[in-house]
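User: I should like to understand the terms used for this model and the values behind them. Please set each value against its definition.

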Amino acid sequence: MNHTSKITCFSVLALVILGIFTSCTSIPKEIPLELSAKELNQKAQEYTASEKYAGAEVYYQTLIQRYGMDISVLIPAEFELAHVYIKQKKYDKAKPLLEKVLSYYEVGATNLPREYKKLAQIDLAKIPQEDATSQNEDN
């Protein structure tokens with residue numbers, strides 16, 4: 001193997017190792033218990049903005065788990081998690097969450113943030129009919 005081939009091989013190997021290392025860091029290992037709902041939401045949004053959806057999912061699920069008893073936290077977090085699934089075309093995960101968000105508005109609650117109803121309707125409309133139909137047949 002000549003010198004140029006060795007350098008090329010080494011470069012490719014280094015990129016592969018770097019890719020593996022950085023992909024492992026896209027999912028948080030531990031989320032500090034002291035993070036507020038606002039801080040968890042901010043972290044989730046940062047992961048979403050950088051298209052590190054697995055990390056965003058972990059933060060949104062943690063937000064729901066820790067602070068989901070507060071409807072003003074729950075609705076935006078469930079919508080944003082569904083939106084992350086929409087971005088990944090994981091319609092089977094997005095649809096039930098979007099329907100759940102919409103269900104909060106069916107009971108006539110007037111104090112809920114109205115924007116999430118509209119946003120959930122918009123995202124629900126993005127789900128191709130064949131995906132929605134096949135999911136209904138599975139139930």
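Analyst: A residue is called buried under 20% relative accessible area, exposed over 50% and partly exposed in between, computed with a 1.4 Å probe on protein chains only. The model is a predicted one, in which local features need pLDDT of at least 70 and side-chain atom pairs count only at pLDDT 80 or more, while totals for chains, interfaces and linings use all residues. Residues are numbered from 1 along each chain as its sequence is written, and side-chain values use heavy atoms, with hydrogens and water left out.

User: Why is Thr48 called buried?

Analyst: Thr48 has 14% relative accessibility and therefore counts as buried, the limit being under 20%. This residue is found in helix H2. Leaving aside neighbours within four places in sequence, Thr48 is in contact with Tyr53, Ala56, Tyr60, Val84 and Lys87, where contact means heavy atoms within 4.5 Å.

User: What makes a segment a helix, and how many helices and strands are there in the protein chain?

Analyst: Helices are DSSP runs of H or I with at least four residues, strands are runs of E with at least two, and both are numbered from the N terminus. By that rule the protein chain has 7 helices and 0 strands, and its pattern along the sequence is α-α-α-α-α-α-α. Buried residues account for 35% of the 139 residues in the chain. Of the contacts with a separation of 6 or more, 54% are between residues 24 or more positions apart.

User: How do you know that the span of helix H3 agrees with its number of residues?

Analyst: The expected span of a helix is 1.5 Å times one less than its number of residues. Helix H3 (residues 53-67) has 15 residues and should therefore span 21 Å; its end C-alpha atoms are 20 Å apart, which agrees.

User: Which residues of H3 are buried, and what covers them?

Analyst: The buried residues of H3 are Tyr53, Gly55, Ala56, Glu57, Tyr59, Tyr60, Thr62 and Leu63. Their cover includes helix H2 (37-49), helix H4 (71-87) and helix H5 (91-106).

User: Why is H3 described as roughly antiparallel to H4?

Analyst: Axes are lines fitted to C-alpha atoms, for helices over the stretch in contact, and angles run from 0 to 180 degrees between N-to-C directions. H3 and H4 pack at about 160 degrees, with axes 9 Å apart. H3 is therefore roughly antiparallel to H4, since angles over 145 degrees count as roughly antiparallel, under 35 as roughly parallel, 65 to 115 as roughly perpendicular and the rest as oblique. Among the residues of H3 in this contact are Tyr53, Ala56, Tyr60 and Ile64, and among those of H4 are Ala77, Glu78, Leu81 and Val84. The contact divides into 12 nonpolar, 1 polar and 4 charged residues. In these classes Ala, Val, Leu, Ile, Met, Phe, Trp, Tyr, Cys and Pro count as nonpolar, Asp, Glu, Lys and Arg as charged, and the others, Gly among them, as polar.

User: What makes H4 roughly parallel to H6?

Analyst: The axes of H4 and helix H6 (residues 114-125) come within 11 Å and cross at roughly 20 degrees. That angle makes H4 roughly parallel to H6. On the H4 side the contact is made by Ile75, Pro76, Phe79, Glu80, His83 and Ile86, and on the H6 side by Tyr116, Leu119, Ala120 and Asp123. By class, this contact has 7 nonpolar, 1 polar and 2 charged residues.

User: How do you know whether Glu78 is buried or exposed?

Analyst: Glu78, placed in helix H4, has 2% relative accessibility and therefore counts as buried. Apart from neighbours within four places in sequence, Glu78 is in contact with Ile64, Leu97, Lys100, Val101 and Tyr104.

User: Why is Leu81 called buried?

Analyst: Leu81 has a relative accessible area of 4% and is therefore buried; this residue is also in helix H4. Beyond four places in sequence, the contacts of Leu81 are Glu57, Tyr60, Gln61, Ile64 and Leu97. Leu81 and Tyr53 are 28 residues apart in sequence, and their C-alpha atoms are 9.4 Å apart in space.

User: Are Glu51 and Lys89 buried or exposed?

Analyst: Glu51, in the loop between H2 and H3, has 58% relative accessibility and so counts as exposed. Lys89, in the loop between H4 and H5, has 61% and so counts as exposed. Glu51 has a positive phi of about 60 degrees although it is not a glycine, and Lys89, a residue other than glycine, has a positive phi near 60 degrees.
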